[in-house]
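I opened my notebook today to get to know a new protein, one question at a time. Come and look along with me.

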Amino acid sequence: MKSYPENFAKLVESLEKIPSVGRKSAMRLAYFLAFEDKFSALQVAHNIECCVHELCVCEECGGITNQAVCEICLDSTRNNGELCIVANPREIFLLEDSGEFFGKYFVLDSLEKLDLEQLERSIAKNQIKEIIFAFSPSLGSDSVMLYLEDKLEHFGLCFTKIAQGVPTGVSLENVDQLSIIRALQSRIKI
């Protein structure tokens, strides 16, 4: 980018580092922020700075928060006996946006990072009766679910996983083989 001003080139390079933002999108965003809406650009910069300095990981569930323990973990009305295990903190936001889950969460980035004692404390503290796995379908996810079922069997829990299969509005020709298999195995009577 030799023909661009250095600051503009650096902005484009920074934006390109964002997942799913390619070179053309980075150029459009950089131009918009630098020339078309400078006020929004300053707001974005301020909000990014605040997030970088103020957000942390919840000590209990591993979710994203701006305090030691997140609002979900502190909310006593969410003690319904359900614990949803997710693969990363972003997925908590997705599930919360659905408005369908009213239990607690536990983030499991990987088995290597699993603090089994912390998970067991959360199960006991929140009187969990059901573990809901909200993982993307894969053999690795299945292995993690089987491993946790084995390690937690002494609690006498019910283990479930979110339904998987063909998404709404998607043609079968655009669905992967594993999703088709899961959809056929999990079919329901109408």
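Below are my entries, from the whole chain down to single residues.

**Ground rules.** I am working with a predicted model, where local features need pLDDT of at least 70 and side-chain atom pairs count only at pLDDT 80 or more, while totals for chains, interfaces and linings use all residues. I number residues from 1 along each chain as its sequence is written, and side-chain values use heavy atoms, with hydrogens and water left out.

**Overall layout.** How many helices and strands does the protein have? I found 8 helices and 6 strands; these are DSSP runs numbered from the N terminus, H or I of at least four residues for helices and E of at least two for strands. Along the sequence, the pattern reads α-α-α-β-β-α-β-α-β-α-β-α-β-α. The radius of gyration is 21 Å, well over the 16 Å from the globule rule for 190 residues, so the protein is more spread out than a compact globule. That radius is taken over C-alpha atoms, and the rule is 2.2 Å times the number of residues to the power 0.38. I also noted that the C-alpha atoms fill a box of roughly 65 × 45 × 30 Å along the principal axes.

Of the 190 residues, 32% are buried; buried means under 20% relative accessible area, exposed over 50%, and partly exposed in between (1.4 Å probe, protein chains only).

**Cysteines.** How many disulfides does the structure hold? I counted 0, a disulfide being a pair of cysteine sulfur atoms within 2.5 Å. Cys 50 counts as partly exposed because its relative accessibility is 24%. Cys 73 is in no disulfide either, with the nearest cysteine sulfur, in Cys 70, 3.6 Å away. Cys 73 counts as buried, at 12% relative accessibility.

**A loop residue.** Where does Val 166 lie? I found Val 166 in the loop between strand S6 (158-161) and helix H8 (177-185). Val 166 is partly exposed, with a relative accessible area of 37%. Leaving out residues up to four places away in sequence, Val 166 touches Leu 172, Val 175, Ser 179 and Ala 183; for a contact, heavy atoms must be within 4.5 Å. I also looked up Leu 55, which is 111 residues from Val 166 along the chain, and their C-alpha atoms are separated by 35 Å.
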